[in-house]
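Please walk through this fold strand by strand and helix by helix. Keep the model open as you read.

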Amino acid sequence: MIIWDTPLFVAALVKTETFSAPDGFWQRTLAPQERETLAQISHLAYREESAAAKTLAKFLVLWKEMAAREMPGDACMKKTVVSQAEAASFFAKYREKWSGWSVSSRDGQGRGVKPVIRGSEGILPLQFSVAHGGRYAAVAVKKLPLTGAEAEAVIQKSSLDGVAGIGCDLVKNGEPTGGVQQLFFTEAERTLAQKKGVGWAEKIWAAKEAAYKAAANPDFSGFVPRDYEVCAETLDASGDENPKWIRTTGKPMRLFFLQETPMIFVVAAAE
């Protein structure tokens, strides 16, 4: 497992093969309702990826809350590799905190909603995004951009729909994107992909999906890719020419390209 911890969010990427053992500690972190939901998924790889994403979301919430306290200074503001044994020990140490948590992305009518972690007192006051594919799972977690009564109202409503925050996406590096570019990229994005070269068409597409997830939308029913444009003009004082922003129909969002191979992992975050 790789963890990226920043002042704005915490994110992680893991291979789902570590979740396949039915008696492994990963499986033991799943709540009964999560097991019921997963049991309805017939495709084995997709089921394992979904299970991994649910467990990874819980792990990251614990990591953000507890590890930051235990690691002095700015030690947690970096890329960290966590072994399976270390993750198991961390889960065991804080079992009382997460044992009642369950991850849900459906409402009572089975409709897609922004994913939430439900505890004994309602949903946790944070926002997270999940992505999985290619036998990998990824999660990004961010505190709600709300305070006081606003945050409490969202928690009581048990829904994050309408709240902009965090989004992430995974795309396999090397996937064909020719048709995607013609249909869904702006002219500026096509120019950017051609200029930047190998892998950048995939990065741009992943950034669009991550930004849509971060926006105030529960599912992809209203996704209009051209409404989300990756910006090219981001040369900063460091000389880094890589895009760091994406324009949207709302406020611009920051982009973080965390990994490039074998999966491209992108996070979009509203500030």
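D5 stands opposite V10 in strand 2. This is a predicted model, in which local features need pLDDT of at least 70, side-chain atom pairs count only at pLDDT 80 or more, and totals for chains, interfaces and linings use all residues. Residues are numbered from 1 along each chain as its sequence is written, and side-chain values use heavy atoms, with hydrogens and water left out.

Strand 1 (residues 2-5) and strand 2 (residues 10-15) pair in the antiparallel sense over four bridges. Pairing requires that DSSP finds at least two bridges between two strands. Strands are DSSP runs of E with at least two residues, helices are runs of H or I with at least four residues, and both are numbered from the N terminus. A hairpin of four residues joins strand 1 to strand 2. Strand 1 also runs antiparallel to strand 3 (residues 79-81), with three bridges. There, I3 has T80 as its bridge partner.

Which way do the side chains of strand 1 point? I2 and W4 go one way, I3 and D5 the other, and all are buried. Buried means under 20% relative accessible area, exposed means over 50%, and partly exposed lies in between (1.4 Å probe, protein chains only). In a regular strand the side chains alternate between the two faces of the sheet.

Five strands take the order 9-13-12-11-10, with antiparallel pairing. Strand 9 (166-172) and strand 10 are the edges, each with a single partner strand, so one side of each has no neighbour in the sheet. Strand 9 meets strand 13 (residues 263-269) through seven antiparallel bridges. Within that pair, L170 stands opposite F265. Helix 9 packs on the sheet and touches strands 9, 10, 11, 12 and 13. Its direction makes about 150 degrees with that of strand 9; such angles run from 0 to 180 degrees between N-to-C directions, with axes fitted to C-alpha atoms, for helices over the stretch in contact.

Helix 8 (residues 187-196) buries E189, L192 and A193. Seen down the axis, these buried residues fall within an arc of 100 degrees, so they line one face of the helix. The arc is taken from the directions between the helix axis and the C-beta atoms. E187, Q194 and K195 are exposed on the other side. The buried residues of helix 8 pack against helix 7 (178-184), helix 9 (200-214) and strand 10 (229-230); contact means heavy atoms within 4.5 Å. Just after helix 8, G197 takes a positive phi of about 90 degrees.
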